Amino acid sequence: MTTTPFDFAPLLAAGLPPPAAKYTGFPKYNFVGGHNDAEQVPLDALLAATTTVLAREGRTLATYGLASGPQGYRPLREFLVGKLKRDAGIACTADNILITSGSLQGLDLVNGIFLNRGDTVIIEQETYQGSLNRLTRLGVEAVGIPLDRDGMRMDALASALGTLKRRGVQPKYIYTIPTVQNPTGTIMPEARRHELLRLAQQHGVPIFEDDCYADLIWDGRRPPALHAMSRHGGVIHIGSFSKSIAPALRVGYIVADWELIARMLAIKTDAGSGALEQMVLAEFCNAHFATHVPALTRALRRKLDTLMEALAEQFGTAAEFDEPKGGIFLWVRLAEPVATLRLYQAALAAGIALNPGPEWSTDKAYAKGRMRLCFAHPSHETIRAGVAALAEVCRREFGVPARIANVERRAGTA
Ligand SMILES: Cc1ncc(COP(=O)(O)O)c(C=O)c1O
């Protein structure tokens, strides 16, 4: 009997991405990922919601799709209809909503019905790495549009649309994160949203609006969604409960015309997203969403303050950033000659995880000295200690910052 283990390698499909790394736990100072604040997970109310909804409707778990069909638990879609109207101005019905396994599945489904290898899309120059990587893997050309403090720049968009038109290229969509942009934290004002809609209509390009941070604005005031403002349709909207409640639930949603939802359902091959999470969320959200979110954003705002103070103290003028109006991350520019891809490696060896800017941008040179720090998950103490440790690594690798904790380092004292 042979003991040689079976070799699967020659049988693997062609074109697979590189294998994933094994999970070995979080680093000590974890400033990556969209994790949420563990203290703010509304445990008691989630426990009560679980008991109530299971006692009332638990037997519907015997059927795929509960008693609601493949678009997702109807009471959750009904909650979203009300919430999206109230908060984002979106007028839709439960038939226009498809519940997904996180908004990442929303990205996959929208890409799945629109994109072929060789297609072109327009995106924000700095953007969500998960979106960027998907486009790369699909062999789609992503044209990056620079941002300013109000989000995607419309002069640059108009120019890119014109250039593509002259080349005979019709972009498949304009992807934007208009409300608390990832990673820059900008919020696109209403006037610019009108201009974006006008340009998109003029060129016959749909807009793909990714809005998962819109609930997390410090003053609670958000502009209407692009989906709500469009007079001619042409906007697909996705959202998520990952940032407002908890990412491990894996519940997101797509708002689109039924004709598009029907095409997406046809390629959504998981026979429905996890049902228990949807039931618990609907039960919880109807009673508590409106009070939970302000408490969460207050806690996040305090963590942002801690992070900004720690950066000012440890890096001084060597770290520049615009204060975001909401969200869970800070986009930081470090002084020359810092290269955050190299800093990332050195920091990781010291137990500090950060997102290097070039992985979040179509312009690797522009993003060379930039990084994204997520402040939602680490405690205040971990934020302070992590930033101090990062400053130490950065100074060792790049001589920046020259001063640590407002104390000048003399040669030989490090
Ligand atoms: C802009 C954006 N879109 C989508 C996602 C995916 O989130 P989820 O699948 O947890 O809803 C994220 C997560 O960080 C994000 O930042």
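Where is V180 found? V180 sits in the loop between strand 7 and helix 6.

## Basis

This is a predicted model: local features need pLDDT of at least 70, side-chain atom pairs count only at pLDDT 80 or more, and totals for chains, interfaces and linings use all residues. Residues are numbered from 1 along each chain as its sequence is written, and side-chain values use heavy atoms, with hydrogens and water left out. Helices (H or I, at least four residues) and strands (E, at least two) are DSSP runs, numbered from the N terminus.

Most residues other than glycine have a negative phi, and most peptide bonds are trans.

V180 is not a glycine, yet its phi is positive, about 65°. V180 is buried, at 0% relative accessible area. Buried means under 20% relative accessible area, exposed over 50%, partly exposed in between (1.4 Å probe, protein chains only). L66 also is not a glycine and has a positive phi, about 55°. L66 lies in the loop between helix 1 and helix 2 (74–88). With 7% relative accessibility, L66 counts as buried.

## Cis peptide bonds

The bond from N182 to P183 is cis, with omega near 15°. P183 is in the loop between strand 7 (174–176) and helix 6 (190–203).

The bond from V400 to P401 is cis, with omega near 0°. P401 belongs to the loop between helix 11 (380–398) and strand 16 (403–404).

## Helix 1

A45, L46, A49 and V53 are buried in helix 1. Viewed down the helix axis, the buried residues fall within an arc of 95°, so they line one face. The arc is that of the directions from the helix axis to the C-beta atoms. On the other side, L43, D44, L47, T51 and A55 are exposed.
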